[in-house]
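Welcome! Here are a few exercises to work through with the structure open beside you.

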Amino acid sequence: MGSKLHALAEPIAPFPLDVSCAEVHQVFSADPDLLAAAVVDGGRPVGLVNRHEFLVQLSHQFGWALYAKKSISVLMDHAPLIVDVEMSIIDLSRLIASEQPSALLKGLIICQGSDYYGIGTALGLLRFNLAYNRERAVELELARLQAERANRSKTQFLANMSHELRTPLNAIMGFSEILQQQLYGPVGDARYQDYAADIYRSGEHLLGLVNDLLDVACIEAGRMQLDEESCDIGELIASAVQQIVRRAEKAGLSVTSCLPDDLPLLRVDAKKVRQILLNLLTNAVKFTPAGGTIAISTGLARQGELFVCVQDTGVGIDEADIPAILENFGQAENELSGNNEGVGLGLPLCKALVEMHAGSFHIKSKPGVGTRVYFILPASRLISVAA
Ligand SMILES: Nc1ncnc2c1ncn2[C@@H]1O[C@H](COP(=O)(O)OP(=O)(O)OP(=O)(O)O)[C@@H](O)[C@H]1O
Ligand SMILES: [Mg+2]
């Protein structure tokens, strides 16, 4: 459907300027659907007759006697809205709304160059808009389906690739570990052992990345499920801290944890909560310069929900960057970005996993001061207060 005025213009025969009001009356009486007509002088529009206004004037007590024999010029609108047929319907709608709303009631004249082309009415505009909106809705629905299909293929591709990559990676890691440990006898030169250790570390890094990609694909496809069990959040935190503490100390950071004794047991997917904790602690280690501290704490909030907070004294994040780093592959520029081997999947994964537990995920940060990332699990996830 074209969006120019050709679609709107009704080819209503115009009146010549010398037609009498009585003749115009005859035409309007014969056609009850005729709402407006143009008056032309040698093809050029000079006025518009609106059915309602014209009939009101004529039916006035002396209207017929006064006007019947006179030229239509006495009762026509001398300054109607005249627009070119090449104008877009959107522009016309804007023009009517902002400058000449009366054209909606009276009608308007559509020209091609300086010649009369047709009449536009509110009814025509309404019909056009209805058809146009219907067509747009169909187009949008098609585009939505197409985007959904493309997204599904992308997710499927990610899932397949991740599976395909995991098998050889496991072999690489398994065999490099065997070499490193010299399980079947000495490898000779000590450098072989170093290389095997490098291969193992690289494999481990790649496996982490592939696992994250697989998780993203599963979440996007709605296939990620929670494997819920009752677990002790204090223990989960302590074991996550233990896993990163060596790396933190090597980076010149101190790690503290504040875990109240009377924490309740939680009904959560322990593997996923551990994944969240490790992601947050790893970020804190990566983005805090030597000499800094990392503190992890947990406890019950006012409404009985449980919070877990990882706080660091690192480089911080500009507030404007926070929405972007919560998107897949979103990373912010900072002086430690160069050392970052990650790809920007940790935080969006954490957020999605917290939300799968019906919790909420928050980041508060100040560049140069530090970052506080915390998540809140609803009270419905608490099972009991540990003895
Ligand atoms: N504690 C933090 N302090 C400062 N910046 C942070 C912190 N945590 C995250 N960021 C910023 O947010 C970005 C995204 O974090 P995210 O964990 O999603 O990805 P990543 O750590 O870069 O890679 P991945 O987690 O996939 O290995 C980081 O690259 C960093 O710019
Ligand atoms: Mg990360």
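Two strands pair if DSSP finds at least two bridges between them; strands (E, at least two residues) and helices (H or I, at least four) are DSSP runs, numbered from the N terminus. This is a predicted model, in which local features need pLDDT of at least 70, side-chain atom pairs count only at pLDDT 80 or more, and totals for chains, interfaces and linings use all residues. Residues are numbered from 1 along each chain as its sequence is written, and side-chain values use heavy atoms, with hydrogens and water left out.

**Exercise 1.** Find which residue of strand 13 stands opposite Ile 363.

*Solution.* Start with strand 12, which is joined to strand 13 (residues 370-377) by 7 bridges. The two strands run antiparallel.

**Exercise 2.** Work out which strands stand at the edges of the open sheet.

*Solution.* First, write down the order of the 5 strands: 8-10-11-13-12, with mixed pairing. Next, look at strand 8 (254-258) and strand 12 (360-366): each has a single partner strand, so one side of each lacks a neighbour in the sheet.

**Exercise 3.** Explain why the buried residues of helix 2 line one face of the helix.

*Solution.* Begin by listing them: in helix 2 (residues 51-58), Arg 51, Phe 54 and Leu 58 are buried, meaning under 20% relative accessible area with a 1.4 Å probe, protein chains only. Now look down the axis: these residues fall within an arc of 75° (taken from the directions from the helix axis to the C-beta atoms), so they line one face. Finally, see what covers them: helix 1 (21-30), strand 3 (44-50) and helix 3 (63-67) are included.

Technical notes: Chains are lettered from A and ligands numbered from 1 in the order in which they are written. Buried means under 20% relative accessible area, exposed over 50%, partly exposed in between (1.4 Å probe, protein chains only). Contact means heavy atoms within 4.5 Å.
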